Each structure stands twice: as C-alpha cells, then as structure tokens.
Amino acid sequence: MSRRWVIFSRVAILAVFLNPVLGLSQLPSPESHFGHRMGEAKKLVEWSEVVHYFQLLAEASDHVRVTELGRSTEDRPFILVTIADSETLADLPRYQRMQAQFADPRNVNDKEAESLVEQGKTVVLITCSIHSTEVASTHTAMEFAHKLLTENTPRHQAILENTIFLLVPSLNPDGVDKVARWYKRYLETPYEGAPMTELYHKYVGHDNNRDWYIFSQDETRLMIERVHNVWRPQVVYDVHQMGSNGARMFVPPWSDPIDPNIDPLIVQQVNQMGMGMAADLTAAGKMGVVVNAIYDYFTPARHYQSYHGGLRLLSESASVRYATPIDVPYSSLTTSDRGYNAQVRSWNFVEPWPGGQWTLRDIIDYQLIAFESCLYQAATRRRALLRNFRRISQRVIRRNRGRSFLLPRDQHDPSALHRLLATLEFGLVEIHQARRPFEALDRSFDADDYVILLDQPYGAFARTLLESQNYPELREYPGGPPVRPYDVTAHSLPLLMGVQVFESTEPLEADLKPAWPLQAPRGSVGRSSVVALSPDNTRSWTAVNRILKAGMDVYRDTTDGTFYIPRHESLRGMLEDVANEFGLNFRPASPTSTRRRRMEQTRVGLYQGFVPLMDEGWTRWVLEHYEFPYVSVGNARLQAGDLNSDFDVIIVPDARPRTLHGGYLPGALYRGAPAPPEFTGGIDTAGATALREFIVRGGTLLAFNRASQFAIDRLGAPVRNVLSGLDSSRFHAPGALLNVTVDTSHPLAFGLRTHEAAWFESGPAFEITGVPTDDAVAVMRYPQKDLLASGWLLGEGYLAEQAAVLDVPVGNGHLVLFGIRPQYRAQPNVTFKMLFNGLYYTAP
C-alpha cells in the first residue's frame, strides 16, 4: 500500500468524522481515495483498494451497505454494495419478501399485488468487469456511487427514493488484480498493454460469462445464490467492453435471434430501456452509439435473469489498451460489423463517431451516463416494472399450462440425472416426483420418476434447458448467405449429460409430490470380497481416483470397463463415504476374472503455453472436480524431450494450430502491443518432435478439437481433416450438439451408449488416409443423415459418416484425435467419460 494512498484515505475519513456538520457531499471521492481521477491514463486500481473504498462509503453514509457474499476462486472478498434511501436500507428483508411475492403470482391476488406495487421498489442490479481486461466499469462503479450519494439532483433523488440499487463492482475480483499487476509490470516499456499470459479467471477466463446456467464457478454460484435468488431483480445491467474499431458503445435492443422462451414483455421493456439509454447518451453529446446490432438474445449461458422475469441489459464500450489511450483513425473503423457500418449513419447508428483519440476516461464518461439512465428509468417506471414483473410470471405460467418434462429415475448415468436436477433446482425450478406409477405419452412411468411442470414462475428456465434448440435460419438478405451466429447455438442439458427426458404437451394424470429440496441418490456397498462399480456413472471416476490415491487396488474389465475393487477392511470407510456422497452402488462381484487388468494411477500432463487458453482452463477444472492428478507442461519441458520419463498421457487442449505451434510471435502486435520476449514462442518444431517420440515410445496423446489439426500438421498423423479449406458459406457450426454413433467396445468409449450427442464447435472431422483402416479406429462417427440434435449446422453433408473421434496407433502408443470438445464448459457428462477413459488408455 503506497504512502500517498494512506494519506488520501485518512484525509477522507477525517473529513467525514471530525466535522459532524458535513453532509454527504463530503463523502470520500475516488480521486481523494486513490490520488488520481478515475480513468486517468495509465492508472489502474487493485481489488483491496476498491473494497476499502466502498467500506469507507458504507461507514460514512446510511445510504450504503457493503456485504461480503463469500470468497472468490482465489480467496478474495466478493462483495455486494447496496444503495438506497436510509429507510429502505434499514428494512431490506421486507423488500426481499415483496420481491418473492411479485415473482410468484400464484400466492398473491390482484388486490394484494397492487398494494405491494405502491410499497415496493424497483430492484436494479448492475454488475461490472466480469471480463477483467474490460477494466473501466469497476472504476465507473466507484465514481457513480459517489456522484449518486453526493450530487443532490432530482434524478438522483428519484433513484434513491424509488430503487434498491445492487452494485457488484466486479464479478471477477481475482482478475482485477491479475490485470492491474500485469499492466503495471510493463508500464513505460515497449510492452505496455501487452497481452496477458494467464487466464484472468483461474479456470475459465473469458468464459466466466458463459456459466449462467451450468453454475460451475464459485463466483457464478455466489451471484445466483446470494443475489439473484434472494433479490429477484427487475433489471440486471451487465457492463462490458468490446473491440476498439467499431461503435463507441452498444446498448439494446438486441439483434436476432431471441430465445423464444424469453417472454415478449421482457423483450419490449428491454428495447424501451435500451433506447432510453441510447437517447440519454446522444443527448449528452456522446457519439457512436449503436443499437440492435452485434449481440443476440439467444443463449442462457450469458444471462440468468431473463428466464426469471427480469430485464437483461448490456452495454459494450470500445476498449483501449487496458488504461493506455489509443488513436483510432476514422478510416480504420469497421465497415462490416454485425448489423451496422461504423462509418455510415443508419437508423440504429444515428451519429457515427469521427475517430480520434480514445481513452479509459472516455469509456467511463459513457458508462456514467448509461448507469444513471438505467437507474432513472427504473425509478420513474417503478410501478410499471413491478406490475409487469408479476405479469411476466403470469404469462409464463399461462403459456406453459399443461406442458411438462418427464425424467425417469432409472437412467444410464445416475449422477448425470442428479446433476441435471440439481442445476434446475439451483435455478429455482420446482421439481416433482410421482407418488405412484402413471401412464403418459403411450408409456409407463414409475413411482418416484421426476416431473418438471412448466406452468411455474421459472418454467421458461426449465424449458430452455430441457428442450432441444431450433436455432432459426437467418439470411443477410432474401436468398442470400446465412447470418453466422454470434455465439453457440445449443444448451440442451439432457443431450449434454446423456439423460433421457420426455416432453409432454398435454396435462398429466399423475399424483405428484414436491421433490425439493432435492435428495442426493442413495449409495450402497456390497458385502462380497470384491465389489464392482459401473463405468456408466461419471462419478465412478472420483471413487476410483480416491482409491488409487490411497494406494489400494482397482482392476478394470478390458471388455466393458467395469471397475473391480477388492474390499479390504481398510477400504470400508472410504467406500461407504464415497457411495453416500455420490450415490454410487458398489455391487457384489466374483473375486477373479481373466478379463481384468490392474489399474495404476497414470501420470497426466496438460499443455499450458504462454497464450492463455480457456479450453486448458476448463480441462483443469474438470480434472480437479473429478480428482484426477495432473501437472501443467510448458513449452520448455516439451522441447526438452524424454517425455515418457515423466508422463503416460499428455493433453493438448483446443486452440488454433498456429497458436499451439508459435504462441506469441516475437515482434508481432497484439491489439497494439508486442508480447514480452520471455513469453514468446510455442510448442515449435522441437516440441512437436518430442511429442511424436512420446507417442512412439508408448505414450498417449489426447488432442482436443482444433488441436487435432495441429497433430495432423505437425505430428504426421496419417489423417485428413475433411473440413479443411471449406469457407463459412459452405460449412459452419459455431457450437451445436450433433448426433453420433459410438463404438462402445472400444476402451475410450466405456460407459457410453451406442447413440449419443456430442458438442461440435468449429472443429475437424476425420478421414483415415495413411494407415491400415484396421489399425485406426473411429471410436465416434457421424451418421449418414439427421446429424443435428440441437442448435444450428450449415453443411451437414460434409460430416456425414466421417469420424468424430479417432484412435490412431503410432509406434507403441496412441494418438487420440477429438473432433469435438469432450469437456466443453464443464457440461457434457457424456463425453467426460471419453476424456477419463483416455487418461488410462496407456500401454500395459
């Protein structure tokens, strides 16, 4: 902590507490606290300073409350700042109860609801810097809070009187520090503003804003459990930055498509508020504001509240190099962004920006206007927003009357069923079970089978996650090329997790009981000397890893993958604990078999270069979540060779082949700055040679998605990518679930079913070209037709009957090419098992 910072902080405190006649206008300003104005060139703040500043505001004002919701992934305080008038702040539980009553119209009649409207406040949640290189909004949050509390304007009075303002200064506190420290490290050097060499979120980097329905990360779970599900906000405004060479700011309306499960009343109000924000920006002289462009409103991965009755607003501001100003000539502005031309006036881009210098302060100035506009509209439309919040739930219930999803309790992978149900429950979905057997959809269902009735307040959330997505075919003009999706196009949890569900559009004749809180499945341990564990259950691998870590024996059937564990007395407690924790059934088994092979914990290496890869981070998360030991392997270790002395299996995560091979290139500019020399380079020729030698000598290499093309190009894999060279007008699949057939006799496919769905995202598909076809095995293959299971796919004929996962013997080892993402964003239990099998797919 700098001496100057301490002095400014002490002065600010004295200004408030030593003179009792001073009012809110004397609250410590960010400038007095930090010693510089927010947005000053080349100045970034660190998280402890941000937390301390808001604590000072809370100590000095009865309009502010700071709550530590929990700890971030890397153990920093994760805070919520609540701002409202003092009477409201003193009675927050009452307003939380009101919000719950607005959200569920089944328990409040119209007269009672209207009384609540008169008493209630609009709850507005503004969230900042989930993407930590988008640094501005954390700074804006502090300056806006100070302005709101000290500038006694009619607009600010209306906000304080009519809203409860929930402010999250950062959704990724760890990243605030990582970015600030990296930036400061190279200030006033040729590498100022250089690209980072680690993910700014420990596991998922930029994908932390793709976690809003799977809830895998600590920060996501804190936000849902402690904020969204407690407060049920009417408005959620998420503040971002985008590229530098387009509009200066995006605000809604969104572009098409819109998820049909988002209620039209939500969409209309989002349009209204977004256009109000755009008008306020233009009125303030801010140019370059675009609406109805770039960003769609389709996937729940990017937002939660629009499936829970609230409005989801987004702003995206043009970026700078962290805090370093940039020059953007008018001629460099994009002419072909999604839905507008940054050099041409149009209805949705009415006042183009003329180019020039762009600074962090400029971003903050735009965001301050957007913050105030959002909150002021929420204040002045308080009654309408509260009435409509209740009305939206009524519409969801009415629209889904008689619709349901049925989930048999007897599933191929019981842990996947429990994970799916737990995900829905975490999102406030009501789950039922049948008290007794019943008939529906021309089949029988058993007692205790699960039922999700969609005529409930959060039926839209359940429906979007349980059904298959039919992403619309959009064209740039009638008869023209397709509009490429902005993001992925599928999110069907039953397909991702391998859970059988049935959708009913008719009312059920079934006796149902509430099944919440959800009970974990019950496990058991057989009494025989040897017990068996099914490979179908994803959580079997956690048990196996714990047993191996304890130094005990595990055997595996070489024909179907069943695990066998001798039931030593020393294991009894561990087996019972893991059975109860994950609902695993260790069934009695015969003591001997010639088909069993003793397992040994394999030595796993995961490639991690200087270019941060989200796929690498997700892989780390999955390995740790299922308790697989591994070590990260960098460029230098690969290039040193003799990899078999340290590793049995090496994973190369998804990345462009040129990124894997070359990394950051010496002297190349990345958004205007080169990488420091010590962080340049990739696997390179020496590393590729060592990887091939590793396989020849008996190692297993797992190449994920685009890394498979690296293996084809650099490791001499005798395989052709049949999609290579196809442009996006002929083949495009930016993220969809595709039907596949599986060779379940292959060790990589133990635990899978013959027909599954796999996640395809801009990957390859394989044709064997240079080895006997009896040697290379297509473990997973696309069918001849009807490939699309959920989402959007252009050019399915190119994939027909091609291999999706290929096992290629090389010398004494195996090169396993995945044309899919088997661990995609911690979601697909189905193909987790292919990854896990691969970690033990080694030479005897």
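Student: How do α5 and α13 lie relative to each other, roughly parallel or oblique?

Tutor: In this predicted model, the axes of helix α5 (residues 92-103) and helix α13 (residues 382-399) come within 7 Å and cross at roughly 45°, and α5 and α13 are therefore oblique to each other. Angles under 35 degrees count as roughly parallel, over 145 as roughly antiparallel, 65 to 115 as roughly perpendicular, and the rest as oblique. The axes are lines fitted to C-alpha atoms, for helices over the stretch in contact, with angles running from 0 to 180 degrees between N-to-C directions. Helices (H or I, at least four residues) and strands (E, at least two) are DSSP runs, numbered from the N terminus.

Student: Which residues make that contact between α5 and α13?

Tutor: On the α5 side they are Q99, F102 and A103, and on the α13 side L386, F389, R390 and S393, where contact means heavy atoms within 4.5 Å. By class, the residues of this contact divide into four nonpolar, two polar and one charged. Here Ala, Val, Leu, Ile, Met, Phe, Trp, Tyr, Cys and Pro count as nonpolar, Asp, Glu, Lys and Arg as charged, and the others, Gly among them, as polar.

Student: Before we go on, what should I know about the model and its numbering?

Tutor: Residues are numbered from 1 along each chain as its sequence is written, and side-chain values use heavy atoms, with hydrogens and water left out. As this is a predicted model, local features need pLDDT of at least 70 and side-chain atom pairs count only at pLDDT 80 or more, while totals for chains, interfaces and linings use all residues.

Student: OK, and what about α3 and α7, at what angle do they cross?

Tutor: The axes of helix α3 (residues 47-60) and helix α7 (residues 136-150) cross at roughly 10° and come within 11 Å, and α3 and α7 are therefore roughly parallel to each other. From α3 the contact takes V50, Y53, F54 and L57, and from α7 it takes T138, A141, M142, A145, H146 and L149. This contact has eight nonpolar, two polar and no charged residues.

Student: What else does F54 touch, leaving aside its neighbours within four places in sequence?

Tutor: F54 is in contact with V66, I79, V81, A141, M142, A145, L167 and P169. F54 is also listed, with I126 and I452, as having the most contacts inside the largest nonpolar core, which has 162 residues. A nonpolar core is a set of buried Ala, Val, Leu, Ile, Met, Phe, Trp, Tyr and Cys residues joined through side-chain atoms within 4.5 Å, and buried means under 20% relative accessible area, exposed over 50%, and partly exposed in between (1.4 Å probe, protein chains only).

Student: Which helix gives the largest share of this core?

Tutor: That is helix α12 (residues 360-380), with 11 residues. Apart from this core lies another, of 68 residues, among them L533, V544, L793 and V805.

Student: Switching topic, how many salt bridges are there?

Tutor: The structure holds 52 salt bridges, each being a side-chain nitrogen of Lys or Arg within 4 Å of a carboxyl oxygen of Asp or Glu. One of them joins K42 and E192 at 3.4 Å, N to O. K42 lies in the loop between α2 (30-34) and α3 and E192 in the loop between α9 (173-185) and α10 (218-231), so the pair ties together parts that are 150 residues apart in sequence.

Student: Are K42 and E192 buried or partly exposed?

Tutor: K42 counts as partly exposed at 28% relative accessibility, whereas E192 is buried, with a relative accessible area of 6%.

Student: Where is R821, and what about its partner D615?

Tutor: R821 forms a salt bridge with D615, the closest N and O atoms being 3.1 Å apart. R821 is in the loop between β39 (813-818) and α24 (829-839), while D615 is in helix α19 (residues 614-625), 206 residues apart. R821 is buried, and so is D615.

Student: You mentioned α24, so how many of its residues are buried?

Tutor: In α24, 11 of its 11 residues are buried, including F832, K833 and M834. For helix α23 (residues 707-714), six of the eight residues are buried, so α23 is largely enclosed by the rest of the structure. After α23 comes G716, whose phi is positive, near 70°.
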